Amino acid sequence: MKPWVVIRPRDTISFRLDRRVPPILLILALLTFAAMLMNVGYGEYTIPPLDVLKTLGGIETDQGYSLVVNTLRLPRVLVALLVGMGLATSGAILQGLTRNPLADPGIIGVTAGASLAAVTLIVLFPAIALFTLPFAAFGGALVVTVLIYWLAWNQGSSPMRLILIGIGITSIATALTTVLVTFGEINNVSQALIWLTGSVYGRSWHHVWSLLPWLAVFLPLAFVLCRDLNALNLGDDVAQGLGSHVEQKRTLLLLISVALAAASVATAGSIGFVGLIAPHLARQLVGPTHEGLLPTAALTGGMIVVSADLLAKMLFAPIELPCGIVTAIIGAPYFLYLLYQNRNQ
Amino acid sequence: MNADKTPSNLTTRKLTLAYDGACVISELNLAIPAGQITVLVGANGCGKSTLLRGLARLLKPHSGTVYLDGKSIFKLSTKEVAKHLGILPQGPVAPEGLTVRELVAQGRYPHQGWLQQWSPEDERLTNQALITTDMIDLANRPLENLSGGQRQRAWIAMALAQDTQILLLDEPTTFLDLAHQIEVLDLLYDLNQSQGRTIIMVLHDLNQACRYADYLVAIAAGRIVASGKPDEVMTEEMIRQLFMLECRIVKDPVAGTPMCIPVGRKKSQLKQVETQR
C-alpha cells in the first residue's frame, strides 16, 4: 500500500500528503460540524438539529429560530471554532520549532503577553473599541516573544533556553496582570476577569469578523512554511545542511505562531491547554509531518473548543461555565500525563 | 544517480573558525580530494568536528573561506550548496513517530519548491536511497523502534536522497556496537566505490580510519599536522604528537593498512602470568 497521496496536476506542480490525512480530516470535519450543530441547538430553549440546519440554510421554520440561531448562537460557535483552530495551529508550530511536545502558546509567554496587554486595555482604557483588542494582544504577545527570543539568543536560538526563559517571563507578565486586576476599578476588573478565564460567552459577529482575517492570513502562511518546519524539526544542523534558512524561517514561523495565538486570546481570553492537546492528538492520528499535522491539529482544536463550550453550557445548566474551565479540567491531567510520559527524555 | 556528475571540489584557504571568540581552527589550507574518502582524525577537542561544520557552512568562518568548485560557499545560496554537499551531524534526533520513509523524503528539500513538493524524481531517489541502504523493508517503521545501526542507516539514506556529490559525516559510528560500526563504514565505502561520491568524515577509531580512508588528515590544536595516505601519516611519531601516546604501528592482518597498538602502563600480561608460575 502506498504511504502517500500524491497530487500532480501538472509537471511543475506536485504535493504529497500522508495517506491517513484525507480520511481523518473528513471525519474530523464531520464531527466538528455535528458538535457545532448541537452547540447551536442547545440553550435556554433547545432547537432540534434539523431545524438548526434549515435555519442556517435560510429556510424559515414555523417557529422562526432565525434570531436565536443566526444572531445569538452561531457567531459564538464560530468564534469557538476559529479560536480553537488558531490556538491549536499556534501550538503545533511551537512544538515543531522547539522540538518539544510540551511547548504551548501558554507556556512560552505568548498567552501571558497577550493577556497582559488586553487586561491593561480593559482595565485602564475601558472605552476603547473592541476591534483594537486583537492588535493590543498581538502587540503584547509580540513584545513578550521578542523579549524571550532576545534573552534566549546566544549565537543562535536554542529551543531549551527559549522554553525556560519563556516560563520565567510568563510568571512576570502574569504577576503584572494580577497587579492590574487587584488595583483596577471594580467594574472594569470584573470584565477583565471574565475575559481572563477564557470564554466565548456572548461573542457576536463583530468578534467573528475581527478574528477571521488573522486566521485567513496566517493559517495559509503556516501551511506554506510546512517543509521548513519539518526541516527545523530535525534539528538546526540538519535543517541548515538541507539548505533551509534556519534563523529566518524560525523567526517567520514564530511570528505566525504568535499572531495566531494572540488573535485567539484577544477574542476569547486564554482558553488553556488547547494549543498543547490538539497538536498532540493530531500527531497520534497522522504523524509528525506538518503538511498533514497542521490542518489536522487545527480541526482538532476547533472541535475541542466547540465541544468544551457545549459541555460548559450543559454541565450546570442553566448556569454557564466559561469554556476555559472545561479545557483546563481536561487539559491539566493530560499535561501531567504527557510530562509523565516524557520523564525519561 | 550522481555517478556521472563531475566531482565537486571542496577546498579551504586560510580558514579560521572560532566559537565565542576562542579560535578553534586557525588559517587552515586544505584540499579535499574529489571522489575519495577523507577521514579527519585527532584528539578530543582538536577541532576536527568544528572543521567539518565549517566545511559544511554550518559555522561562519572568522576569516578565510571554504570554496566549492572555486566559489566561496558563503556567496552561493544555501539551497544551491545543499544540492552539492550533504551533512550528517553527530547523533541527530528525529521527532517521535517519524517513519524512515518520511525522514528520507525530507532529504529532497533542496530540490523542491513551494509548488513542486513531490516530483517523480523525488519519489525515485527516495526509493533508491532506501534500497541502497537496505532500509526498504523497514521504511514504514518509526525511527524510535529501530536499532542504533538501522537508525544511522536511515539518516544516511536521508543524506543520500539529497543527491549530493559530497557527503560529510560527523562520527557516523558513535554509539554503535562494533558490528554496526563496520556495517555503516562498509555502506559508506560502497557509496564511494559504486557512485563515486566524495566522503569526508570524522572518526574516533584510528584503525578504522586507516582502513577506510584514501586520504587521512591529522589535526592537533586546530592545525593540520599531517595529511596523505594512511601509510604516510600513521607513524609512531605522529601518534605521539597527536595524542601524546606511546604506540607501535603494525600491519592490519586483514587490510594491510597501518594499525596502532597503544603501549600504556599495563603490558605483557602474558609474561607476568609466566613469571608467576
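I started with the second largest cavity, which holds about 50 Å³ of space in this predicted model. By cavity I mean a set of points on a 1 Å grid over the protein atoms alone where a 1.4 Å probe fits but cannot get out, with lining residues having an atom within 4 Å of a point. Its volume is the space filled by probe spheres set on the points, which are joined across faces, edges and corners.

I then looked up its lining, which includes Arg16(A), Asp18(A), Val286(A), Glu291(A) and Glu102(B). Strand E2 (13-18) and helix H13 (290-315) of chain A each give two or more residues to this lining. Helices (H or I, at least four residues) and strands (E, at least two) are DSSP runs, numbered from the N terminus.

By class, I noted four nonpolar, two polar and four charged residues there. Ala, Val, Leu, Ile, Met, Phe, Trp, Tyr, Cys and Pro count as nonpolar, Asp, Glu, Lys and Arg as charged, and the others, Gly among them, as polar.

Next I turned to the largest cavity, with about 90 Å³ of space. It is lined by 13 residues, and Arg16(A), Arg227(A), Asn230(A), Gln106(B) and Gln112(B) lie nearest its centre. H9(A) supplies the largest share of that lining, three residues. I sorted the lining into four nonpolar, five polar and four charged residues.

Searching the whole structure, I found four cavities of 30 Å³ or more.

For my records, residues are numbered from 1 along each chain as its sequence is written, and chains are lettered from A in the order in which they are written. Totals for linings use all residues, and side-chain values use heavy atoms, with hydrogens and water left out.

Definitions and conventions:
This is a predicted model: local features need pLDDT of at least 70, side-chain atom pairs count only at pLDDT 80 or more; totals for chains, interfaces and linings use all residues. On a 1 Å grid over the protein atoms alone, a cavity is a set of points where a 1.4 Å probe fits but cannot get out, and a pocket is an open set with protein on both sides within 12 Å along at least five of seven lines; lining residues have an atom within 4 Å of a point.
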